[in-house]
Amino acid sequence: HLGSVIAYFTSAKFLLYLGHALSTWGDRMWHFAVSVFLVELYGNSLLLTAVYGLVVAGSVLLLGALIGDWVDKNSRLKVAQTSLVVQNSSVILCGVILMIIFLFKTQLLTLYHGWLLTLCYILVITIANIANLASTATAITIQRDWIVVVAGEDRSKLADMNATIRRIDQLTNILAPMAVGQIMTFGSPMIGCGFISGWNLMSMCVEYLLLWKVYQKTPTLAHKSAKVEASELKQLNVKKESDMKPAEGVQLIIEKDVTGFEPQQEKEVGCAARIAEPFITFRDGWVAYYNQPVFLAGMGLAFLYMTVLGFDCITTGYAYTQGLSGSVLSLLMGASAVTGIMGTVAFTWLRRKCGLIRTGLISGVAQFACLILCAISVFMPGSPMDLTVSPFADISARLFENEPLPTIASPEAEMIFATGMPNLLNGSIAPANSDPEMSPEPVPLVSVSLLFAGVIAARVGLWSFDLTVTQLLQENVIESERGIINGVQNSMNYLLDLLHFIMVILAPNPEAFGLLVLISVSFVAMGHIMYFRFAQKSLGKQLFVCHTPDPKAAPDSSPPGNTSTV
């Protein structure tokens, strides 16, 4: 027994988990802290935080395909180590610059009429954005490629590993911001900067060693399919693979060691061609994504990002307007983490019983059924919905209002700042009954209770569905395209996420929030309809025939057009 325990703790799988936990912990601390720092620096205004959020989202949207292409074209170890070093070095540098700004802000304000301070702000946002892009590359290579290779041919092992990775994400989402929040509360923002810089320096060294160990323990990581030319990719994508299984499709590609891979011939490339290359890669990435057999499933997942029904800054702000306290919100956040973990457990159980594609269908139905509660809440007592109120009133005032924010170091602050976007409900963020002398009768909590009950319960289906689509992409995208396809998938997710913030900017009043809820439920429904269409193409008449699949063969995860489905 002792031997098996030691074997597990030294296995590639556990080392991968440990590396991911360290990486995610540092990521979550930084994403929380950088937004708080930007608010502190700009006199409790959300302007810098809003700019940071838009820059981050826009960069991933535009560069997702290029990052994925870079992941595909280079060896696994080089990609993982480079993105790790760039990400952590950027965070350390940002931390140092922020410490300098906090120490010498008064002097910087007087130099060159404050332009030097503005330059420092631009520098911080730029470097933080580089760190986020490197983090995206790390997520693509580790969560979409390394994990598939470490799992080998065992798809049940892959499902378990995906679920464990998500559980780590859920826990760090809650615990990391709470930890750094306490440090900043009992210390100062400058101490917080120093702690995060020190953490990332230590974490980078440990993660680098863990990556090397995983690479050594998994020899197959050294072999990577050679990048196929764009013309061949198009033929491969368009072609119906009705005479082969997905695994056979992958095996047809010649395995080569990318570390020793050299281009067949060096061609003279003109300046114009070099300039055009990123644009061609961008176009080819999106075309390849569209031609994927799992395109509809990926689009279905992306549509779930067009929603206000999550614990982000928008919903948190709305909760404050309805009289919920910070302590209640932190409890609700904890409950959402628990249901999220339950979703990962449900995914592994359902996949064993019904197969991968049917798991996505069941998860979708479960999520949508829970969100019906949110739709009902719009019409219940206590709902402020009033479409006669103009949604465009005082938008500029709401965006740039300089009122103090709710306690920054409280547990719920992670959700206020995690997305790096402005709380557009800031103009009315204090609960209506905060002043006992001035406030009217307390707002009935029936509506807001139903809303959050639906949001929390829907997390089970949401995370199970997310894992289903993740594994479909892992299993059905050929190895040489994993990076670029997952890069485009990230871009799609960010695009729909941006649209949801634009939607809130257009209707920021609490009176219009009910309309946003109904639009969100509609988008979730559209996403699951897309997935249903994908499942229908894949399984045909056997769509509703539940069976226990061979865990290694996973026959129901074949792409559309595959007639070998049992």
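The model is predicted, so local features need pLDDT of at least 70 and side-chain atom pairs count only at pLDDT 80 or more, while totals for chains, interfaces and linings use all residues. Residues are numbered from 1 along each chain as its sequence is written, and side-chain values use heavy atoms, with hydrogens and water left out. Helices are DSSP runs of H or I with at least four residues, numbered from the N terminus.

The account begins with helix α2 (residues 12-41) and helix α4 (residues 76-110), whose axes come within 12 Å and cross at roughly 25 degrees. Axes are lines fitted to C-alpha atoms over the stretch in contact, and angles run from 0 to 180 degrees between N-to-C directions. The angle makes α2 roughly parallel to α4; angles under 35 degrees count as roughly parallel and those over 145 as roughly antiparallel. The crossing is left-handed, a term for a near helix turned anticlockwise from the far one by less than a right angle. Among the residues in contact (heavy atoms within 4.5 Å) are Trp 30 and Phe 37 of α2, together with Val 91 and Leu 98 of α4. By class, this contact has 8 nonpolar, 1 polar and 3 charged residues. Here Ala, Val, Leu, Ile, Met, Phe, Trp, Tyr, Cys and Pro count as nonpolar, Asp, Glu, Lys and Arg as charged, and the others, Gly among them, as polar.

Helix α3 (residues 47-73) and helix α18 (residues 482-506) cross at roughly 170 degrees, and their axes come within 6 Å. These two helices, α3 and α18, are therefore roughly antiparallel to each other. The residues that meet include Gly 58, Gly 64 and Gly 68 in α3, and Gly 483 and Gly 487 in α18. The contact of α3 with α18 has 12 nonpolar, 7 polar and 3 charged residues.

Helix α14 (residues 356-377) packs with helix α19 (residues 513-539) at an angle of about 160 degrees, their axes being 10 Å apart. That angle makes α14 roughly antiparallel to α19, and their crossing is left-handed. Leu 361 and Phe 368 in α14 are among the contacting residues, as are Val 521 and Phe 532 in α19. Their contact has 17 nonpolar, 5 polar and 1 charged residues.

Technical notes. Parallel < 35°, antiparallel > 145°, perpendicular 65-115°, else oblique.
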